[in-house]
Structures are given as C-alpha cells and as structure tokens.
Amino acid sequence: MLRGTRISFSSVNSSLSSLKSCQTYINTGMDIATHVALDLVENFNDERDVRSMENVMLEYAVLDRELRHYMRAIEETVDQIKQDKPEKIPDLKSLVKEKFIALENMNSDSDLERNEKYMYFKDQLKDMKKQFRPQSDSNDSDDIEQIDEDIAVTQSQMNFICPITQMEMKKPVRNKVCGHSYEEDAILKIIQNRKQQKKKVRCPKIGCSHDDVKGSDLVPDEALKRAIDSQNKQSW
C-alpha cells in the first residue's frame, strides 16, 4: 500500500479520536439536562419548563445520531479502501459524505426514542413525577398543604430498602433489564464475586426471574435517591 495512504489513515484516526471527544461532550450535556429536568419536577416548576428540557434532550439525541453516523461513515470508508487497496488515494471526503447521507436517509423518530440516555431521561422523569407531583390538580387555597400530604403518602409507600443489605439505600442503581434497584456497592460486589466463580448473578429482588445481572446494565437511580433524600430531610 502506498505510504501516502497510510499517512492519510493516520490523519483520519486522529480525526476519529477528536469526534469521540465530541461525543463525550454530548453525553455530558444530556446528563446535565436530565438533572435540570429532575430539579424542575422536584421543585414543582411549570410543566412547560420540563417539556423544554425534553426538547433539549431530543436535540442532543439528534446530534448524537449524526455524530455516530459520521464516524461510522468514516470507519466503513477506510475499511473499504484498505480492502480494495487502490493504486491511487480516492477522494475520502466524497466517499464519506456519500455513506453519511445514505445513513441519514434511514433516520426515523424511533431512533431518537431508542437513544440510551434519552430512554434513561424518560424513565427517571416518569418516576420523579410519581414521587413529587400531586395526584390531582386543585384550585383550592390548600394546594400547598395537599401537595405535601401527597408527597408524604407516595414516599411512605416506596421501598427504600436495598434487597441485598436490607438497609436504606444511599447510592441506588437500577437494573435496566428488570427495573429493580440496589445499593451500588452491594450489587457490584456480588457481581465481582460471581465473576471470579464464573457464575451468573440472579436479581436479589424476591420474585424476580432475571438471572443475569451485569454491571453494564446498572444505571444511577437518581429519582429514587432524591425521594430517599427528601424523606430524610422531612424527618429531621
């Protein structure tokens, strides 16, 4: 293969590395937007404010999809050139653009809804609304008092106890597969011990049939943590 081709690929690899850094910035932005939305729900802000954060999440999801498609177009183009081994270096820019457009033409709204961080956002937002919003709207002068009562009732019905430690969770994580939550350190310790034994981990929640809990399936349960913190503050 021509030396010039190798130099071009080295430059492309450097560009891919920079693009992956951009992806990190997008992920950080989505994390911040999620926390802001949860803050809005917890403080009973206008629903329009919450919807605006959902729109921000969708915009981030679009950027994430475009970036992934662009990186995929670059990688597939380079792989094809390496396989074909042309005598002359082709027009990389045109080939990448062609593949990128082809990928973008297959876009659908469902792609955005399947974005992992957007799905996490929707899931946590749903839980927060259950825990921190009144069950029904009222125009009475006792609105604030009713909200406080609703919060107390809702939280009292929640299970803040880790199924492993049997203690109140301080840093809960949720299993994306079965939906159950555990204390982070406790479940990770079990996963590590089972991994050394080359055994799978069954969800410790009684009655759950999920028998392959993985560390990669665990995400912070921000909504549950906020509910626990809120209850503790009220008991002080």
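Phe 100 is partly exposed, with 21% relative accessible area (buried means under 20%, exposed over 50% and partly exposed in between, with a 1.4 Å probe and protein chains only). The model is predicted, so that local features need pLDDT of at least 70 and side-chain atom pairs count only at pLDDT 80 or more, while totals for chains, interfaces and linings use all residues. Residues are numbered from 1 along each chain as its sequence is written, and side-chain values use heavy atoms, with hydrogens and water left out.

Tyr 70 is also partly exposed, at 36% relative accessibility. Two aromatic pairs were counted (ring centres of Phe, Tyr or Trp, the last by its six-membered ring, within 6.5 Å; planes under 30 degrees apart are stacked, over 60 edge-to-face, the rest tilted). Tyr 70 and Phe 100 are edge-to-face because their planes stand at 85°, with the ring centres 5.7 Å apart. Tyr 70 belongs to helix α2 (residues 47-84) and Phe 100 to helix α3 (residues 92-104), so this pair ties together parts 30 residues apart in sequence (helices are DSSP runs of H or I with at least four residues, strands runs of E with at least two, numbered from the N terminus).

The pair of Tyr 118 and Phe 121 is stacked, with 6.3 Å from centre to centre and 20° between the planes. Both residues lie in helix α5 (residues 116-132), three residues apart, or about one turn of the helix. Tyr 118 is buried at 6% relative accessibility, and Phe 121 is buried at 1%. Among the other buried residues of α5 are Gln 124, Leu 125 and Met 128.

Helix α5 has 17 residues and reaches 24 Å between its first and last C-alpha, close to the expected 24 Å (1.5 Å times one less than the number of residues). The 38 residues of α2 should span 56 Å, and the 55 Å between its end C-alpha atoms agrees with this. Lys 85, which follows α2, has a positive phi near 50°.

Three strands form an open sheet with antiparallel pairing, in the order β2-β1-β3 (two strands pair if DSSP finds at least two bridges between them). The edge strands, β2 (181-183) and β3 (218-220), each pair on one side only. Strand β1 (residues 172-175) is joined to β3 by three bridges in the antiparallel sense. Arg 174 has Val 219 in β3 as its bridge partner.
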